[in-house]
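Here is a friendly walk through the fold, with the sheets and the packed helices taken in turn. Please keep the model open as you read.

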Amino acid sequence: MSEIDLQDHVDLVIAEVARAEHSRDLDAIESAHKAKNSPVLAARRALGAVTDEEQRRELGRRIQGCSDAITAAIAARREELSAIEREASLASDALDLTEVLSSAGSFPSRRGHAHVVSKTRASLEDVFVAMGFTIKEGPEVETDWYNFEALNLPPGHPARDMYDTMYLDLGEAETVLMRTHTSPMQIHLLEEAVADQSLPLHVAIPGRCYRLDTPDARHLPVFHQVEGLVVDKGITFGDLAGVIETFTAAYFGPDIHSRLRPAYFPFTEPSAEFEITCTICRGEGCRTCSKTGWIELGGCGMIDPAVFDAVGIDATEWSGFAFGFGIDRCAQMRHSIADMRALIENDLRFSRQF
Ligand SMILES: [Zn+2]
C-alpha cells in the first residue's frame, strides 16, 4: 500500500468512526484496526523492504502518525458516545414523582384508609375515653392461669367448653395458649393495681382474641374484643347498666338502647348478656334479630369475689364490674354487614365502602 492509499484508508476509518452511533460500533472498528491484516500493520510490515535507512525511518514515522490518528479518533468518539449513552440511561431510569396517571393509566391513584375494624376500634376507644376510661393493651399469648384459672375457671371446669382454645406447644401440654378473650387483662391489671396500690381502676382493653372456630357469617377464628373493667368503692350493678346504656347510645346513636338478660360467666356474679336494639329494623323485628327487635352484643357482670381473691383484693372493701364484646360484631351491626367473613377477605370492593 502506497503512502497515499494509506492516507485514504485513515480518512475512511476516521469518517466511519464519526458515523458510529454506539460504542460497540467503535469496538468493531478498533479491532479491525488492530487486526494483523489491517492496512496500517501491512504498511509497517512492508517497511522491511525499504533499503534506504533514512527513507525507512521517515516512512515509519508517517505510518505511526496514521495509526495514532485512528486511535485518537476512536478514543474521542468513544468519550462522546459514552456521555450520550449515560444520559440516555439516566433519562430512562428516572422516576417522575410528580406524574399523575390519568384514567387512561394502569394505576389510578386512590387514597387508602384504615380497615373498617380498625376504624370501629378507634371510635370505640374514643367513646370510652370520653366516659373517663383509660385504654390499655395486653399480650395475645397467655398462660392457662391468666386466661382461665384466675378467672374462676379451674382445670376441668365445664365452662371451659365455651372456649375452643388454641394451645401453643411450648413443652408442658395445655399451659400456654392464644387468649380466648380479653379478660386475662382483668387479672394483669388487678395484680398491677394491687402491687402499685393504684386502685380504683377504670380501663378499657381492646385487642385480638383467638378461638378454634370455623369462619361463618357470625364467627371468626381471630376476632377483636374490647374489655371494660371498673373497680372502685361502692360500685353497683346499676353503674354497670348505666355504663352499657351510655356506651350504646354514644356509639350506635340515641335511638339504640341496651338491656341486660341474666346469664352465666364464671368470673362475674351476677352475670348478664347485654343486648342492643336491632340496628337493622330499629326494634321493629326482622330476620336478623329473629323478630325480637334485640341483638346480643356481649357479656358483663359484677366481678366475682373469687377473682378478687385470686389477686389479693379485699372484696368487702372493693367492688367492680367487667364487660366484654366483639369489635367486629359492632362493625357488623353498625354498618349492616351481613357476613362477617367479608371483614377478612380483603376484597377492595368491600373495604372501600367504609
Ligand atoms: Zn331486627
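An open sheet holds seven strands in the order 1-5-6-10-9-8-7, with mixed pairing. Strands here are DSSP runs of E with at least two residues, helices are runs of H or I with at least four, and both are numbered from the N terminus; two strands pair if DSSP finds at least two bridges between them. Strand 1 (134-135) and strand 7 (258-265) are the edges: each has a single partner strand, so one side of each has no neighbour in the sheet. Further in, strand 5 (residues 201-210) runs antiparallel to strand 6 (residues 222-232), and 10 bridges join them. A204 faces G228 of strand 6.

All of this comes from a predicted model, where local features need pLDDT of at least 70 and side-chain atom pairs count only at pLDDT 80 or more, while totals for chains, interfaces and linings use all residues. Residues are numbered from 1 along each chain as its sequence is written.

There is also an open sheet of three strands, ordered 2-4-3 with antiparallel pairing. Its edges are strand 2 (141-143) and strand 3 (167-168), each with a single partner strand, so one side of each is left without a neighbour. Two bridges link strand 3 to strand 4 (residues 176-178) in the antiparallel sense, and L168 stands opposite V176 in strand 4.

Now to helix 5, which lies across strand 1, strand 5 and strand 6 and runs at about 165° to strand 5. Its packing with two helices is set out below. Axes are lines fitted to C-alpha atoms, for helices over the stretch in contact, and angles run from 0 to 180 degrees between N-to-C directions.

| Helix pair | Angle | Axis distance |
|---|---|---|
| Helix 5 and helix 10 | about 100° | 9 Å |
| Helix 5 and helix 8 | about 135° | 10 Å |

Helix 5 and helix 10 are therefore roughly perpendicular, whereas helix 5 is oblique to helix 8. Angles under 35 degrees count as roughly parallel, over 145 as roughly antiparallel, 65 to 115 as roughly perpendicular and the rest as oblique.

Which residues meet where helix 5 packs on helix 10? V116, V117, T120, R121 and L124 in helix 5 meet I327, D328, C330 and A331 in helix 10; contact means C-beta atoms, placed from the backbone, within 7 Å. With helix 8, the contact is made by S123, L124 and V127 of helix 5 and F247, A250 and Y251 of helix 8.

Definitions and conventions. Two residues are in contact if their C-beta atoms, placed from the backbone, lie within 7 Å.
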